[in-house]
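Work through the exercises below with the structure open. Try each task before reading its solution.

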Amino acid sequence: MKVGDLVRVKWLNYVNLGEVTDFRPDVLGGSGVHSWKGRDKWHPEMTTAPKRGEVRVLCYDDGSESWYDELNVELVTE
């Protein structure tokens, strides 16, 4: 995805058309560590999620501009 591309944003129950105004790759996801306390000791756990970007979209329906997870944005090719 690049600036100027026409995209479809799917967020909650809404689907909007818009234009990409900015893109930040590899901002979301990655690995993290957290702990939880069991009966007698702490248990560390490491979680990982695929790296993904954030897309800033200017929505055509209401003129708003917001950042979205790239999983909620798809390129319009029609």
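Buried means under 20% relative accessible area, exposed means over 50%, and partly exposed lies in between. The model is predicted.

**Exercise 1. Is Lys10 buried, partly exposed or exposed, and which residue does Lys10 form a salt bridge with?**

Step 1. Take the accessibility of Lys10. It is 42%, so Lys10 counts as partly exposed.

Step 2. Look for the partner. Lys10 forms a salt bridge with Glu74. The closest N and O atoms are 3.7 Å apart.

Step 3. Lys10 is in strand 1, and Glu74 is in strand 5 (residues 73-75). The pair therefore ties together parts that are 64 residues apart in sequence.

Step 4. Classify the partner. Glu74 has 32% relative accessibility, so Glu74 counts as partly exposed.

**Exercise 2. Find where Arg52 and Asp69 lie, and say what their salt bridge ties together.**

Step 1. Check the contact. The side chains of Arg52 and Asp69 meet in a salt bridge, at 2.6 Å from N to O.

Step 2. Locate the ends. Arg52 belongs to strand 3 (residues 42-59), and Asp69 belongs to strand 4 (residues 65-69). So the pair ties together parts that are 17 residues apart in sequence.

Step 3. Classify Asp69. Its relative accessibility is 16%, so Asp69 counts as buried.

**Exercise 3. Which residue forms a salt bridge with Glu65, and how many salt bridges does the whole structure hold?**

Step 1. Name the partner. Glu65 forms a salt bridge with Arg56, with the closest N and O atoms 3.3 Å apart.

Step 2. Classify both ends. Glu65 is partly exposed at 35% relative accessibility. Arg56 is partly exposed too, with a relative accessible area of 26%.

Step 3. A search of the whole structure finds 6 salt bridges.

**Exercise 4. Where do Leu12 and Asp26 lie, and what is the phi of Leu12 and of Asp26?**

Step 1. Start with Leu12. Leu12 sits in the loop between strand 1 (6-11) and strand 2 (14-37). Its phi is positive, about 55°, although Leu12 is not a glycine.

Step 2. Classify Leu12. Its relative accessibility is 71%, so Leu12 counts as exposed.

Step 3. Turn to Asp26. Asp26 lies in strand 2. Asp26 has a positive phi of about 55° and is not a glycine.

Step 4. Classify Asp26. Its relative accessibility is 49%, so Asp26 counts as partly exposed.

Notes:
Residues numbered from 1 in each chain as written. Predicted model: local features only at pLDDT ≥ 70, side-chain atom pairs only at ≥ 80, totals over all residues. Heavy atoms only, no water. Helix = DSSP H or I, 4+ residues; strand = E, 2+ residues; numbered from the N terminus. Buried < 20%, exposed > 50% of the residue type's maximum accessible area, 1.4 Å probe, protein only. Salt bridge = Lys/Arg side-chain N within 4 Å of Asp/Glu carboxyl O.
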